[in-house]
Amino acid sequence: MTRATLTGHRTASAAVLVVGGGAVAAAVWIGGDHGFAVALVAFYVLVAALVYAWSGGQGDIAAIMRVGGDERQRGLDRDANAITGYVVSFAAITGVIVQTARGEGPGGYGVMCVVAGVSYVVSLTALRLRR
Amino acid sequence: MKNRVRELRAGDGISQGDLAAALGVSRQTINSIENERYQPSLPLAIAIARYFGGTVEEIFTIDDQETVR
């Protein structure tokens, strides 16, 4: 059992958006499209502000956004992450198959498959040591 | 898994929010437990039982048909 509801860090998700969005914007800036980079910064700041405002609420999503939910809310987040992992892995495998059928190399899809496979094995090994 | 949380809470005349605050969980989690959509962890089940002055077995019951996986 965990204590929660209004605990956690309200800035957690907003900070991830600002840092992640800032990194993407910086890459776009370095790539030469300065106008789009500025627009991205504005977009991510706006979204981060909305997320910050939402994360102060009482609902399940708000609790998950501030990384402070109770056991059920954290379970929802964990399951959603697991499903997302399955979907992304399936998309990567599909990408490899399609690329191969087109006579091309697996490219980024192959990298994603390797990362997913290694991540699963490492995670499973580490989790088994704890349980 | 069935439970008597709603019945006991109503008997005490408290709201889901009150029970949630006492147990340190969200009101939505209490609602999910009462509607048997969510099975609480053992520590939370014990906390619920202690709150109502009973035992886990008095509040949470498992059907004979159900199997423990």
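Which side chains meet in a salt bridge at 3.1 Å, N to O? They are R4(B) and E7(B), and point 4 comes back to them.

1. **What you are looking at.** This is a predicted model, in which local features need pLDDT of at least 70, side-chain atom pairs count only at pLDDT 80 or more, and totals for chains, interfaces and linings use all residues. Residues are numbered from 1 along each chain as its sequence is written, chains are lettered from A and ligands numbered from 1 in the order in which they are written, and side-chain values use heavy atoms, with hydrogens and water left out.

2. **Confidence.** The model comes with an ipTM of 0.88 and a pTM of 0.83. For chain B, the mean pLDDT (the predictor's confidence in each residue, from 0 to 100) is 93, and 94% of its residues reach 70 or more.

3. **Where the chains meet.** Chain B brings 14 residues to the contact and chain A brings 12, contact being heavy atoms within 4.5 Å. About 940 Å² is buried between the two, with carbon and sulfur atoms giving 48% of that; buried area is the accessible area (1.4 Å probe) that two parts lose on being put together, summed over both. G24(B), Q28(B) and Y38(B) supply 40% of what chain B buries against chain A, more than any other three residues. There are zero salt bridges between chain B and chain A, a salt bridge being a side-chain nitrogen of Lys or Arg within 4 Å of a carboxyl oxygen of Asp or Glu. Eight residue pairs across the chains are in polar contact, both residues at pLDDT 80 or more. (A polar contact is a pair of N or O atoms within 3.5 Å; within protein, one must be able to donate a hydrogen and the other to accept it, and residues adjacent in sequence count only if both atoms are side-chain atoms.) On the chain B side, the elements giving two or more residues are helix 2 (16-23), helix 3 (27-34) and helix 4 (42-51). Helices here are DSSP runs (H or I, at least four residues), numbered from the N terminus.

4. **Salt bridges in chain B.** Over all chains the count is four salt bridges. Back to the opening pair: R4(B) is partly exposed at 32% relative accessible area, and E7(B) is partly exposed too, at 49%. (Buried means under 20%, exposed over 50%, partly exposed in between, with a 1.4 Å probe and protein chains only.) E34(B) and R9(B) make another bridge, at 2.5 Å, N to O. E34(B) sits in helix 3 of chain B and R9(B) in helix 1 (residues 5-12), so this pair ties together parts 25 residues apart in sequence. Both E34(B) and R9(B) are buried, and they join R6(B) in a network of salt bridges.

5. **A bridge in chain A.** D60(A) and R72(A) pair up with their closest N and O atoms 2.7 Å apart. D60(A) belongs to helix 3 (residues 60-65) and R72(A) to helix 4 (residues 71-101) of chain A, so parts 12 residues apart in sequence are tied together. D60(A) is buried at 18% relative accessible area, and R72(A) is buried at 11%.

6. **A serine to look at.** S55(A) lies in the loop between helix 2 (34-54) and helix 3 of chain A, buried at 0% relative accessibility. Its side chain reaches the backbone oxygen of Y52(A) at 2.9 Å. Leaving out residues up to four places away in sequence, S55(A) touches R10(A), A62(A), M65(A) and R66(A).
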